[in-house]
Amino acid sequence: MSLIYNIGRLVGIQPEGVLRVEGPEQGRTGTLENAWLRIEDGHIAAFGPMDSVILSGSEESVDARGGMVMPGFCDSHTHVVYAGSRDGEFLDKINGLSYEEIAARGGGILNSADLLHRTSEEELYRQSMTRVQEMMDKGTVALEIKSGYGLNPADELKMLRVIRRIRETVPAAVKSTFLGAHAVGRGYTHEAYVQAVTDMLPEAEKWADFVDVFCDEGFFTVEDTERILRATSLTPKIHANELAVSGGVQVGVRCGALSVDHLERTTEAEIAALKGSATMPTMLPGSSFFLGLPYGRAKDFLKAGLGVALASDYNPGSSPCGDMRFVMAQGCIKMRLTPVEAFNAVTLNSAYAMGLSREYGSVTPGKKAALILTHPGWDLTKLAYQYQTPFIRQIFL
Ligand code: NIG
Ligand code: FE
């Protein structure tokens with residue numbers, strides 16, 4: 001048992017059973033000033049105002065000294081299992097080549113697949129773990145990791161095993177997604193590769209929680225996507241509308257996707273398709289920043305009554321950064337979300353987008369005590385505004 005007391009501001013309080021927030025609700029969060037919070041067996045047991053605190057000598061206690069306590073970040077979209085780096089392509093990018101042009105020259109995802117093929121499983125685990133550790137140090141308490149740099153049965157499975165091993169080693173929650181359809185693997189025709197991905201599904205189902213397809217111009221079509229999704233019992237999470245208005249949102253919703261991600265390019269039709277669905281639109285401002293793409297229209301989604309999640313997309317090609325606090329700040333600065341809207345997007349809604357919002361994403365009795373204690377004087381506005389100043393005093397995980 002442990003007690004955190006003298007909490008200046010306890011934020012992210014939600015009643016039990018609220019699994020996501022949408023529309024105007026995304027702009028609100030339960031807050032208690034001058035509070036205490038009790039942790040039992042790694043779960044939030046209770047919280048309340050300081051004038052009701054019961055201090056017992058027998059329990060471990062932490063004086064928050066007026067710091068803010070908030071739920072840790074949930075990152076529902078990452079590709080942190082990869083080998084080496086793509087810093088060689090960074091200069092091409094600086095010199096003006098687009099993501100598609102770099103990919104067409106054999107760079108991009110295929111470059112990462114070649115590197116991964118040459119890297120031992122042990123080394124892949126080691127390299128990936130340094131990134132997961134970096135994310136946890138920055139306050140991420142739950143994350144999703146995709147395969148998709150294998151692009152043949154043996155190397156995809158190698159990635160899924162590494163993700164499993166990470167899940168078994170780290171205190172953060174880890175969800176696993178099979179993204180065989182990330183790019184056409186070397187030596188395959190497009191058609192043969194879609195068939196190969198379909199054939200990999202029974203094995204992938206033993207390792208992954210979700211299935212993903214890069215449904216976008218130059219990668220996989222709506223027909224490919226539907227064919228893959230209909231062939232598996234895994235719940236979809238779809239890459240859609242990064243490079244073009246791809247139809248990926250609609251096929252995702254049709255196939256019961258938990259989330260559709262990227263959405264740098266969307267029209268009213270995508271918003272209409274999402275309304276009334278269980279699918280969480282997820283935007284990845286780190287990719288917009290790094291690739292110079294438009295930022296997702298998060299505000300319009302909220303106005304339409306939808307919720308939005310934000311995630312890092314941490315990967316070597318389009319977002320080499322897993323800092324969810326920076327993601328939150330970009331949500332405010334570039335997408336004009338309020339600090340509370342952006343906060344809900346990187347906690348409760350992103351937990352929902354990986355099926356974890358029953359256990360993570362808010363301060364609710366019974367949920368995991370996966371919390372960040374800040375230095376004194378912090379609030380959600382300052383978190384996004386003063387976006388590079390160190391703020392974490394302690395992480396409870
Ligand atoms: O989410 N868009 C597709 N996949 C990744 C990029 C992967 C890469 O370039 O290595 C993304 O941006
Ligand atoms: Fe991605």
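This is a predicted model: local features need pLDDT of at least 70, side-chain atom pairs count only at pLDDT 80 or more; totals for chains, interfaces and linings use all residues.

**Inside the model**

Author: N241 sits in the loop that joins β10 (235–240) to α8 (248–254). N241 is not a glycine, yet its phi is positive, at about 60 degrees. Most residues other than glycine have a negative phi. Is N241 buried or exposed? With a relative accessible area of 0%, N241 counts as buried, because the cut-off for that class is under 20%.

R65 belongs to the loop between β4 (60–63) and β5 (67–71). R65 is exposed, however, at a relative accessible area of 53%.

From the backbone we turn to the packing. The largest nonpolar core has 92 residues, and the members that touch the most others in it are M70, I145, I166 and F178. Helix α6 (residues 190–207) is the main contributor to this core, giving seven residues. Domain 1 (2–71 + 361–396) and domain 2 (74–352) each supply residues to the core, so the core lies between the two domains.

I166 can be followed in detail. Leaving aside residues up to four places away in sequence, I166 touches V81, Y125, S128, M129, V132, I145 and V174. One of these partners, I145, is itself among the core members that touch the most others. A separate core of 16 residues lies apart from the largest one, and includes I39, I44, A369 and L373.

The largest cavity holds about 90 Å³ of space. Its lining is made of 14 residues, and H79, Y99, H182, N315 and S318 are the ones nearest its centre. By class, that lining divides into four nonpolar, seven polar and three charged residues.

The largest pocket contains about 220 Å³ of space. It is lined by 16 residues, with R86, D87, F290, P316 and G317 closest to its centre. Elements giving two or more residues to this lining are α1 (87–94), α2 (99–104) and α10 (285–291), and α1 gives the most, with four. The pocket lining has eight nonpolar, four polar and four charged residues.

Key
Residues are numbered from 1 along each chain as its sequence is written. Chains are lettered from A and ligands numbered from 1 in the order in which they are written. Side-chain values use heavy atoms; hydrogens and water are left out. Buried means under 20% relative accessible area, exposed over 50%, partly exposed in between (1.4 Å probe, protein chains only). A nonpolar core is a set of buried Ala, Val, Leu, Ile, Met, Phe, Trp, Tyr and Cys residues joined through side-chain atoms within 4.5 Å. Domain bounds come from an automatic or database domain assignment. Contact means heavy atoms within 4.5 Å. On a 1 Å grid over the protein atoms alone, a cavity is a set of points where a 1.4 Å probe fits but cannot get out, and a pocket is an open set with protein on both sides within 12 Å along at least five of seven lines; lining residues have an atom within 4 Å of a point. Grid points are joined across faces, edges and corners, and a volume is the space filled by probe spheres set on the points. Ala, Val, Leu, Ile, Met, Phe, Trp, Tyr, Cys and Pro count as nonpolar, Asp, Glu, Lys and Arg as charged, and the others, Gly among them, as polar.
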